[in-house]
Amino acid sequence: MSSRGSHARSTFHKNKLLISRGVTSSIPNNFFQALLIDFGCACEVREEYTSFCGTSEYYPPEWYRHGRYAPGPLCVWQLGCLLYILLTGAIPFEKEDIREAKRATKYEKHLSYDALEAINAMLEPEESKRVKLDDLDKLSFFKSWDQINA
């Protein structure tokens with residue numbers, strides 16, 4: 001995952017967005033891999049941040065509750081938002097609902113158990129209970145994608 005790779009290089013991207021005309025690179029079996037290309041909100045990795053730049057619908061609940069966030073849990077939260085949008089076509093939260101992490105579940109009815117498990121793990125409101133960035137590939141939803149790409 002590119003987010004994990006950027007953290008390993010001490011770079012933290014604060015604002016992950018879906019861009020309809022994204023850049024892709026060809027990989028085996030005619031699959032494509034999305035690349036992070038806009039580093040306007042990138043910064044050096046620190047333990048905690050108390051300022052935010054980016055899209056407010058992607059801010060994590062801990063930002064609204066405590067005015068701070070950590071890079072790993074934020075990345076997972078934002079990737080969860082992107083996954084939700086890709087699978088449902090809707091944003092998971094309206095800005096006023098993020099603090100309590102109230103999702104409109106009407107868009108989730110067609111999702112598989114594995115997809116919902118991944119979304120719930122990534123959009124866990126409690127930062128300490130949210131799946132870790134390094135553990136995302138252990139979720140069943142992402143394991144199945146690894147098998148397709150093998």
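Helices are DSSP runs of type H or I with at least four residues, and strands are E runs of at least two. By this criterion the chain has 5 helices and 4 strands. The model is a predicted one.

Q: Why is Glu127 called buried?
A: The term buried applies under 20% relative accessible area. Glu127 has a relative accessible area of 17%, so this residue counts as buried. Glu127 is found in the loop between helix H4 (113–122) and helix H5 (140–149). Of the 150 residues of the chain, 39% count as buried.

Q: How do you know that a polar contact joins the side chains of Glu127 and Arg68?
A: A polar contact requires a pair of N or O atoms within 3.5 Å, one able to donate a hydrogen and the other to accept it. The contact between the side chains of Glu127 and Arg68 is 2.8 Å, which therefore falls within the cut-off. Leaving aside residues up to four places away in sequence, Glu127 also touches Glu62, Ala70 and Pro73.

Q: What makes the buried residues of H4 line one face of the helix?
A: The buried residues in H4 are Ala115, Ala118, Ile119 and Met122. Seen down the axis of H4, these residues fall within an arc of 95 degrees, so they line one face. In general, an α-helix has 3.6 residues a turn, so residues three or four places apart point the same way.

Definitions and conventions
Residues are numbered from 1 along each chain as its sequence is written. This is a predicted model: local features need pLDDT of at least 70, side-chain atom pairs count only at pLDDT 80 or more; totals for chains, interfaces and linings use all residues. Side-chain values use heavy atoms; hydrogens and water are left out. Buried means under 20% relative accessible area, exposed over 50%, partly exposed in between (1.4 Å probe, protein chains only). Contact means heavy atoms within 4.5 Å. The arc is that of the directions from the helix axis to the C-beta atoms.
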